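The following note sets out numbered points on the model shown below. It is intended to be read alongside the sequence and the coordinates.

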Amino acid sequence: MSSSEFLPQTQTHTRARVGGWDLLGSEISVLFRRRRTWAMLAAVALIPTLLAVAVRLSSSTLDPGEGPPFLDRVSQNGLFVGFTAMVVAIPLFLPLTIGVVAGDTIAGEASLGTLRYLLVAPTGRVRLLLIKYAGAALFCLVATLTLTVSGALIGAALFPVGPVTLLSGDNISVTESLWRSLLVAAYVTVSLLGLSMIGLFISTLTDVPVGAMAATIVVSVVAQILDVIPQLDWLHPWLFSHYWLGFADLLRQPLDLGSFGQNAIVQVCYVAVFGALAYSRFVTKDILS
């Protein structure tokens with residue numbers, strides 16, 4: 001499926017002739033008009049919902065440290081639902097949705113034959129790549145915010161809400177804890193930017209969107225497998241997935257942004273390298289074949 005699947009051919013021609021900002025707005029509009037996009041966001045929102053309902057209906061209590069991080073604190077404070085759901089979603093669910101969106105960027109247009117219409121002047125190949133990546137990056141932000149907001153709402157509905165005890169043992173107010181939740185969402189959004197660019201690059205290699213989606217998800221899984229092999233500890237800091245769970249440092253007092261900075265540097269490197277590869281491939285791609 002492509003970003004033009006709901007547009008008639010004449011609309012596709014029109015979209016290709018408009019300026020960069022208009023094309024970006026059109027791309028975002030088409031992305032968020034898809035039923036598939038909303039289905040994935042609904043699935044993301046379902047993660048904290050299922051987690052909270054399971055804890056609410058459970059008659060047993062967890063010992064500290066049992067289960068996913070923060071799970072033992074959910075019943076005492078509903079604000080921990082979002083944090084726990086984020087830990088659960090990062091390894092598979094969020095990369096899966098990103099793989100679907102990023103893998104479809106170019107390959108989806110090519111599979112429908114609409115890519116050539118999007119590349120007529122003044123759009124250009126570089127501008128189209130940037131627009132497609134911007135759409136994928138925006139989806140990263142929306143997906144993480146969806147998980148964060150749904151976690152906070154279901155947590156407040158099912159459990160008490162009050163001052164949050166951080167990993168350092170300090171207590172912070174509800175207002176500050178909500179701000180930290182948004183900071184965690186920003187951290188996770190940045191974490192997914194490298195994978196989004198990898199998916200965009202893979203999408204330029206094929207005209208089969210399903211193949212690009214699957215390959216992007218496989219790359220994510222392989223990176224996480226490599227990250228847990230002790231013999232490859234020299235490689236771990238260079239893997240785009242290595243800092244994915246480093247947002248725990250944002251739940252300490254004083255606030256530690258060290259892992260945020262390291263994560264951002266790694267993601268920028270992946271965006272730069274695979275962005276260059278995507279450019280190199282896309283500018284020579286035969287869109288008429």
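**Notes on the fold and its packing**

1. The chain contains twelve helices and two strands, where helices (H or I, at least four residues) and strands (E, at least two) are DSSP runs numbered from the N terminus. Along the sequence the order is α-α-α-α-α-α-α-α-β-β-α-α-α-α. This is a predicted model, in which local features need pLDDT of at least 70 and side-chain atom pairs count only at pLDDT 80 or more, whereas totals for chains, interfaces and linings use all residues. Residues are numbered from 1 along each chain as its sequence is written, and side-chain values use heavy atoms, with hydrogens and water left out.

2. Of the 289 residues in the chain, 48% are buried; buried means under 20% relative accessible area, exposed over 50%, and partly exposed in between (1.4 Å probe, protein chains only). Contact means heavy atoms within 4.5 Å. Among contacts between residues at least 6 apart in sequence, 77% join residues at least 24 apart.

3. The largest nonpolar core has 73 residues, of which Met86, Leu94, Phe139, Val184, Val188 and Phe247 touch the most other members. H8 supplies the largest share of this core, eleven residues. Such a core is a set of buried Ala, Val, Leu, Ile, Met, Phe, Trp, Tyr and Cys residues joined through side-chain atoms within 4.5 Å. Leaving aside neighbours within four places in sequence, methionine 86 contacts Leu94, Thr144, Leu147, Thr148, Val184, Ala185, Val188 and Phe247.

4. Helix H5 (residues 93-103) is mostly covered, with nine of its eleven residues buried. Among them are Leu94, Pro95, Thr97, Gly99 and Gly103. Threonine 216, in helix H11 (residues 209-226), touches Gly99 and Gly103 as well as Leu195, Gly199 and Ile202, not counting residues up to four places away in sequence. Threonine 216 is itself buried, with a relative accessible area of 0%.

5. Helix H3 (residues 35-57) packs against helix H4 (residues 80-89) at an angle of about 120°, with the axes 9 Å apart. Axes are lines fitted to C-alpha atoms, for helices over the stretch in contact, and angles run from 0 to 180 degrees between N-to-C directions. H3 and H4 are therefore oblique to each other, given that angles under 35 degrees count as roughly parallel, over 145 as roughly antiparallel, 65 to 115 as roughly perpendicular and the rest as oblique. In this pair, Ile47, Pro48, Leu51 and Ala52 of H3 meet Val81, Thr84, Ala85, Val88 and Ala89 of H4. The contact residues divide into eight nonpolar, one polar and no charged (Ala, Val, Leu, Ile, Met, Phe, Trp, Tyr, Cys and Pro count as nonpolar, Asp, Glu, Lys and Arg as charged, and the others, Gly among them, as polar).

6. H8 and H12 pack at an angle of about 135°, with their axes 10 Å apart, which makes H8 oblique to H12. Arg125, Val126, Leu128, Leu129 and Tyr133 of H8 form the contact with Val271, Ala278, Tyr279 and Phe282 of H12. These residues comprise eight nonpolar, no polar and one charged.

7. Which residue of H8 deserves a separate remark? Alanine 156 lies in helix H8 (residues 125-158) and is partly exposed, with a relative accessible area of 44%.

8. The peptide bond from glutamine 253 to proline 254 is cis, with omega near 5°. Proline 254 is found in the loop between H11 and helix H12 (258-282). Most peptide bonds are trans.
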